[in-house]
Amino acid sequence: MDSALTTDPELLEKVINLAKRRGFVFASAEIYGGFRSTYDYGPLGVNMLRNVKAAWWRTMVQMRVDVVGLDAAILGPPAVWAASGHLETFTDPLVDCRKCKERWREDKIDGVCPNCGSTEFTEARAFNLMFKTQAGPVEGEGATAYLRPETAQGMFTNFNNVLSSTRKKPPFGIAQIGKSFRNEITPQNFVFRTREFEQMEMEFFVAPAEAEQWYRYWIDQRYDWYVDLGIAPDQLRLHEHALEDLSHYSRGTTDVEFAYPWGWDELEGIANRGDYDLTQHSQASGAKLEYFDQGTNERYTPYVIEPAAGATRAMMAFLLAAYHEDVVEGETRTVLRLDWRLAPYQVAVLPLSKKPELEGVSQEVLALLQPHFACDYDVTQSIGRRYRRQDEVGTPWCVTVDFDSLEDRAVTVRDRDSTEQVRVPIAELLASLRARTQ
Ligand code: GAP
């Protein structure tokens, strides 16, 4: 498979257009003019986003015995966010342009107002990114709640619950997928940076002496995950943060970066959080968040290695990496070369014509495949047009039912990438498609 130029500046617009036109991602509340860089995931987008999350869960939880899952609340009390350091330090530097009055994140604009070109700004002030709200019908101090800006804290506050209910011991991890919210000053680049987004995070608890080794291990694992799902190695790189750039909790952070149309930027961060989180929550809550090792008779606060990915951001990177234009039979086509595990539909069942004779056997093929694959069923337009439509949304295999199928009980399977077509007996179809997923 050739690797597309994901740094092509026009690629972003192309993918945004495709995403809207084919039902991957819509601007939220569009009929009201949209709402502040929020997005809705349409019929194909929701399938793909679920596939990204399922692929992560499979690798990070299902295929391991040392990681368990969690689904914690989005709303949390101020005490959690005071202990985590977010109320104090989860800020970005905010400046106002003195000329046009637009507000910007200082570290993202290189001293020039993107709106009017002015270089005159107010002093930067710390802007907290937390969304504050109230829980319950009575306003006031005790009712204040925050929407979580990361899923991670749920894993720390449930550390004892998970330890006692699962009898896991370090090294072990707790994984979570879910929505997070940040009042970003400048959301940008489609779903790359939004105020509401989805994260896939895992907190891996280890003995302090083993932290460095596990940090390196998870960097490699996470890099490999993207490659395994179809991102070419030359579109990825690892970037280790300098000590002075580390977040308040971190002893070491390495980003997996992707070659976006605007340049190298973060896809996922892997951090060595030390014992910061468990110590902070122990002190603030009074609960002892420690591990007692019966083998050595030692009590210690585990260190945390955290691979923290964005589900929505990863989906965008997979779309950018998959987008190709090539020429088939003298005609340019757009094709999403998505890994079959991520494609919104894995199979499209296409009766050659709308004639009622083909309906029965086509429905039979659909019923055979639906329990095993996400299937589309399309009878509109010419078969060539339908192949192009499926290529454009990344469907790896089209199954065409024609008039011969009535006689020979066989169908044509077409491969998205090679466009090769082979005749397969219906009785062998499921096994034949399964073999292509190996
Ligand atoms: N618990 C650590 C943590 O949250 P982070 O680097 O701030 O670390 C982790 O976030 C990942 O979450 C990022 O690498 C990115 O993929 C995703 N992410 C963070 N902020 C985002 C935003 N505003 N929009 C979309 N994705 C975001």
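This is a predicted model: local features need pLDDT of at least 70, side-chain atom pairs count only at pLDDT 80 or more; totals for chains, interfaces and linings use all residues.
I began with the largest pocket and found a volume of about 1300 Å³. Its lining comprises 44 residues, and those closest to the centre are Arg 105, Arg 182, His 241, Ser 247 and Glu 266. I then looked up which elements give two or more residues to this lining; among them are helix H4 (86-89), strand S5 (91-96), strand S11 (196-206) and helix H9 (311-322). Strand S14 gives the most, with 7 residues. Sorting the lining by class, I got 18 charged, 13 polar and 13 nonpolar residues.

**Entry: where the ligand sits**

Next I asked which space the ligand takes. The answer was the largest pocket. I found 21 residues around the ligand, the closest being Glu 150, Arg 182, Thr 194, Glu 201 and Glu 266. So much for the list; S14 turned up again, giving the most to this shell with 5 residues. By class, I noted 10 charged, 7 nonpolar and 4 polar residues in the shell.

I looked at ligand nitrogen atoms and found one lying 2.4 Å from a polar side-chain atom of Glu 201. A nitrogen atom of the ligand also lies 3.4 Å from a polar backbone atom of Phe 192. On the oxygen side, I noted a ligand oxygen atom 2.9 Å from a backbone N or O atom of Leu 267. Last, I checked burial: the ligand taken alone exposes 560 Å², and the protein buries 91% of that.

How values were computed. Residues are numbered from 1 along each chain as its sequence is written. Side-chain values use heavy atoms; hydrogens and water are left out. On a 1 Å grid over the protein atoms alone, a cavity is a set of points where a 1.4 Å probe fits but cannot get out, and a pocket is an open set with protein on both sides within 12 Å along at least five of seven lines; lining residues have an atom within 4 Å of a point. Grid points are joined across faces, edges and corners, and a volume is the space filled by probe spheres set on the points. Helices (H or I, at least four residues) and strands (E, at least two) are DSSP runs, numbered from the N terminus. Ala, Val, Leu, Ile, Met, Phe, Trp, Tyr, Cys and Pro count as nonpolar, Asp, Glu, Lys and Arg as charged, and the others, Gly among them, as polar. A residue is near a molecule or strand if one of its heavy atoms lies within 4 Å of it. A polar contact is a pair of N or O atoms within 3.5 Å; within protein, one must be able to donate a hydrogen and the other to accept it, and residues adjacent in sequence count only if both atoms are side-chain atoms. Accessible areas come from the Shrake-Rupley method with a 1.4 Å probe; for residues, only the protein chains shown count as cover. A molecule sits in a cavity or pocket if more than half of its atoms lie within 2 Å of its grid points.
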